[in-house]
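Subject: Handover of a structure

Dear colleague,

Please find the structure below, together with its sequence.

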Amino acid sequence: MTGNEIKSHPPAAIGVDVGSTTWKGVVIDADGSVLASAVEPANPRVEEQTRARLAELMEKSGAEPDTPVGATGYGRKRVNATKVLTEITCHARGAFTLAGRAGVLIDMGGQDTKVIRIGPAGEVLDFVMNDKCAAGTGRFLEVILGRLQIPFDQVAEHARRAPSGVPVSNTCTVFAESEVISLVAEGHAVEGIVRGLHQSLSTRVASLAGKMTDGADIFMSGGVALNLAMIDALGEALRKPISVLPDPQLVGALGAALSVA
């Protein structure tokens, strides 16, 4: 869905998703096609970052200063937006537009995980969210994979190399980090620990979703959706294939833009 070129249709709306770890923005035309997009680490100076990125997106897409802006995410109230929207609303709308059908969206970001049941008309039927603890979010993986010195682009390779996962029982990120250090000291293979980490996290996400995923197609978005080891593990935990939405980090921003177009 990402594009960075001016297309035949003029810009119709801008969507901004100011997350806890990344800033995302898109410009769409009247058909919902993305004309320009941006993803970068979130800056504590949200207002300043947003002004700079919006100026770049407008220049790339040809959007005007009066183009409506929809904002969502943790920092949505710090954006001078035309309309401020909830994350559940925006992620559901973006996912339904991209998938073109009902299903369950699992959005895993740096600091929270959302599970949203989307109906046949794109409506939100149910949702659950974990935003109180890093356990069950991308932060859990980030901390422990950092300790193991595994580059992000090599995570799936390491996990798939292990015949089985080494169980990681602690759900608290701090305690799990200590447990992993102990496992390494005991001589367990790093590949097995990496696989075990993803299995542990997937079990928690499956538990969070409960019966919401029964009989539904599963879509995934958020930065963790770029981690193929997580896709593998979550598919095993839910016993069904997981469809990663295009440009998974931009789904919320797309939904925000569609909501004000």
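E87 belongs to helix α2, which covers residues 87-99. Please note that the model is a predicted one. With a relative accessibility of 11%, E87 counts as buried, because buried stands for under 20% relative accessible area. Leaving aside residues up to four places away in sequence, E87 touches T72, G73, Y74, R76, D112, K114 and M129.

One of these contacts, K114, is also a salt-bridge partner: the side chains of E87 and K114 meet with 3.3 Å from N to O. Since E87 is located in helix α2 and K114 in strand β7 (residues 113-118), the pair ties together parts that are 27 residues apart in sequence. Both residues of the pair, E87 and K114, are buried. Through salt bridges that share partners, E87, D107, D112 and K114 are joined into one network.

**Other salt bridges**

How many salt bridges does a search of the whole structure find? The search finds 13.

A salt bridge links the side chains of E47 and R78, at 3.2 Å from N to O. This pair connects distant parts of the chain, 31 residues apart: E47 is in helix α1 (residues 46-61), while R78 is in the loop between β4 and β5. E47 counts as partly exposed because its relative accessibility is 33%. R78 is likewise classed as partly exposed, at 39% relative accessibility.

K24 forms a salt bridge with D17, and the closest N and O atoms of the two are 3.7 Å apart. Both K24 and D17 are buried.

**Residue T82**

The loop between β4 (69-72) and β5 (83-84) also contains T82. Is T82 buried or exposed? T82 counts as exposed, because its relative accessibility is 57% and the cut-off for exposed is over 50%. Not counting residues up to four places away in sequence, T82 touches P68 and V69. T82 and V69 are 13 residues apart along the chain, and their C-alpha atoms are separated by 5.0 Å.

**Two residues with positive phi**

Q149 is a residue other than glycine with a positive phi, near 60°. Its place is the loop between α3 (138-147) and α4 (155-161). Q149 counts as exposed, since its relative accessibility is 68%.

D247, which is not a glycine either, has a positive phi of about 45°. D247 is found in the loop between β10 (242-244) and α8. Its relative accessible area is 30%, and D247 is therefore partly exposed.

**Helix α8**

Which residues of α8 are buried? They are V251, G252, A253, L254, G255, A256, A257, L258, S259 and V260. Helix α8 spans residues 251-260 and is mostly covered, with ten of its ten residues buried. In general, an α-helix has 3.6 residues a turn, so residues three or four places apart point the same way.

With kind regards

Notes
Residues numbered from 1 in each chain as written. Predicted model: local features only at pLDDT ≥ 70, side-chain atom pairs only at ≥ 80, totals over all residues. Heavy atoms only, no water. Buried < 20%, exposed > 50% of the residue type's maximum accessible area, 1.4 Å probe, protein only. Helix = DSSP H or I, 4+ residues; strand = E, 2+ residues; numbered from the N terminus. Contact = heavy atoms within 4.5 Å. Salt bridge = Lys/Arg side-chain N within 4 Å of Asp/Glu carboxyl O.
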